[in-house]
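Trainee: Could you take me through one part of this model up close? I'd like to see how a pair of neighbouring elements meets.

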Amino acid sequence: MPDFTEKEITIAKHAAEGMTAKQIADAMCLSLETIRWYRKRMLREANAKNFTELIALLKDQSII
């Protein structure tokens with residue numbers, strides 16, 4: 001599992017709570033495109049097929 005930044009972990013935590021990308025962007029004062037970029041980067045880094053799988057991996061690792 002790659003080392004994710006604090007911001008990336010925060011994005012994953014919000015997603016795990018059921019927040020949409022738009023809600024996460026608003027909560028973190030970032031653009032929707034920035035959130036999408038982070039999510040794509042995290043998927044690539046973790047070699048996950050989708051964000052749901054990534055959340056499950058992070059939970060298994062007790063990261064979130």
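Mentor: Before we zoom in, a word on what counts as an element: helices are DSSP runs of H or I with at least four residues, strands are E runs of at least two, and both are numbered from the N terminus. By that count the chain has four helices and zero strands, so the pattern along the sequence reads α-α-α-α. Keep in mind that this is a predicted model. The chain's average pLDDT is 95, and 98% of the residues reach at least 70.

Let's settle on helix 2 and helix 3. Helix 2 covers residues 21-28 and helix 3 covers residues 32-46; their axes come within 8 Å and cross at roughly 110°. An angle of 65 to 115 degrees counts as roughly perpendicular, and that's why we call this pair roughly perpendicular. As for handedness, helix 2 goes past helix 3 in a right-handed crossing. On the helix 2 side, the contact uses Ala21, Lys22, Ile24, Ala25 and Met28, while helix 3 brings Leu32, Ile35 and Arg39. Sort those by class and you get six nonpolar residues, two charged ones and no polar ones.

How confident is the predictor here? Helix 2 has the highest mean pLDDT among the chain's elements, at 98, whereas helix 4 (residues 51-60) has the lowest, at 94.

Now step back to the whole chain. Its C-alpha trace spans about 25 × 20 × 20 Å along the principal axes. For 64 residues, a compact globule would have a radius of gyration near 11 Å, and the chain's 11 Å agrees with that.

Technical notes:
Residues numbered from 1 in each chain as written. Predicted model: local features only at pLDDT ≥ 70, side-chain atom pairs only at ≥ 80, totals over all residues. Heavy atoms only, no water. Axes fitted to C-alpha atoms, helices over the stretch in contact; angles between N-to-C directions. Parallel < 35°, antiparallel > 145°, perpendicular 65-115°, else oblique. Left-handed = near helix turned anticlockwise from the far one by under 90°. Contact = heavy atoms within 4.5 Å. Nonpolar A, V, L, I, M, F, W, Y, C, P; charged D, E, K, R; others polar. pLDDT = per-residue confidence, 0-100. Rg over C-alpha atoms; globule rule 2.2 N^0.38 Å.
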